[in-house]
Amino acid sequence: MSAQAWKVFNKAKKKIGNASLSLAATVFRISLFTSASNFATLTLSTYASLTNEVSEANGYSSSGKALANEAWTVGASAKQYKFDADDPFWSANGGSISNIKGAVIWISAASANGRHVLCTASLTSTQFALAAGNRLTIQMATTGILTLV
Amino acid sequence: MKFVIRLMSDDDRLMGWAEVHASAQSNTEMSRAEFRAPNDQTRFRIDAPGTATYITVHWTDFDVRRKANMVAALVVPPEAVGKEAIYAWIEPLWCVNGQKIDVLPPVTVGSNQSILVPLGVIGAVPGQPGG
């Protein structure tokens with residue numbers, strides 16, 4: 001299982017530019033998706049446009065999980081700044097968390113139109129199910145989730 | 001993977017050879033992995049004159065071989081010995097065929113998983129990171 005780097009959704013770049021998506025926010029969430037999902041389609045705009053999220057069961061909530069401690073700190077060099085957060089994890093309880101393939105980070109909002117998707121990553125080449133009693137941790141790189149260079 | 005390519009004459013003599021290192025590229029539509037020569041070319045040093053009509057591909061890691069007939073015979077005069085010839089491949093060095101299976105059920109992992117997701121980038125020209 002090797003994950004691919006986070007990719008920023010096309011429209012997220014525009015939204016960052018016009019400040020409709022604030023990377024200073026601390027209400028980001030991360031959700032998991034199956035191989036049948038469109039999570040890798042970079043033209044998506046909002047969370048509502050994503051399909052085939054991992055089914056809510058056994059320790060996975062369909063709205064994903066809140067990221068914690070989002071922060072901007074200096075990156076690999078003094079010229080770079082990185083957006084980072086704590087590593088989220090899910091524990092499979094009472095059964096498997098099934099069909100895990102990719103992840104999307106999005107911003108939480110009261111309105112569906114405000115739930116902008118930020119970035120996406122394929123977590124594995126082979127879709128998998130996490131058996132009960134085990135934990136899946138999405139490990140953010142020490143260099144961050146995203147870097148501004 | 002290492003392949004030894006031999007340029008062979010119509011009377012089965014070795015006219016030149018080259019060592020090629022190739023890695024497989026997935027061809028999902030064709031359900032196969034293809035080993036291609038870098039830039040789809042192989043450079044030979046001509047060791048003997050003759051009429052080259054075929055090439056052999058020897059996958060040395062597994063000691064398996066195959067023969068590829070050249071589209072057109074190549075006549076190499078004696079004065080070309082020691083010079084370089086370039087062979088342009090119209091096919092992969094080797095193909096490993098699979099089967100098209102539409103349904104691949106997920107595997108179940110029975111241990112804790114920690115998946116490192118590499119850093120993403122905002123604001124870099126591809127291949128030219130700033131900073």
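Trainee: How many disulfides does the structure hold over all chains?

Mentor: This is a predicted model, where local features need pLDDT of at least 70, side-chain atom pairs count only at pLDDT 80 or more, and totals for chains, interfaces and linings use all residues. Residues are numbered from 1 along each chain as its sequence is written, and side-chain values use heavy atoms, without hydrogens and water. A disulfide requires two cysteine sulfur atoms within 2.5 Å. Over all chains, the number of disulfides is zero.

Trainee: Is Cys119(A) buried or exposed?

Mentor: Buried means under 20% relative accessible area, exposed over 50%, and partly exposed in between (1.4 Å probe, protein chains only). Cys95(B), at 26%, is partly exposed. Because its relative accessible area is 0%, Cys119(A) is buried.

Trainee: How many residue pairs are in polar contact across the interface of chain A and chain B?

Mentor: The rule finds zero salt bridges there (a Lys or Arg side-chain nitrogen within 4 Å of an Asp or Glu carboxyl oxygen). A polar contact pairs N or O atoms within 3.5 Å; within protein, one must be able to donate a hydrogen and the other to accept it, and residues adjacent in sequence count only if both atoms are side-chain atoms. With both residues at pLDDT 80 or more, the number of pairs is 16.

Trainee: Which strand gives the largest share of the side of chain A that touches chain B?

Mentor: Strands are DSSP runs (E, at least two residues), numbered from the N terminus. β10 (128-130), β11 (135-140) and β12 (146-148) of chain A each supply at least two residues of that side. The largest share, six residues, comes from β11(A).

Key
Chains are lettered from A and ligands numbered from 1 in the order in which they are written. Helices (H or I, at least four residues) and strands (E, at least two) are DSSP runs, numbered from the N terminus.
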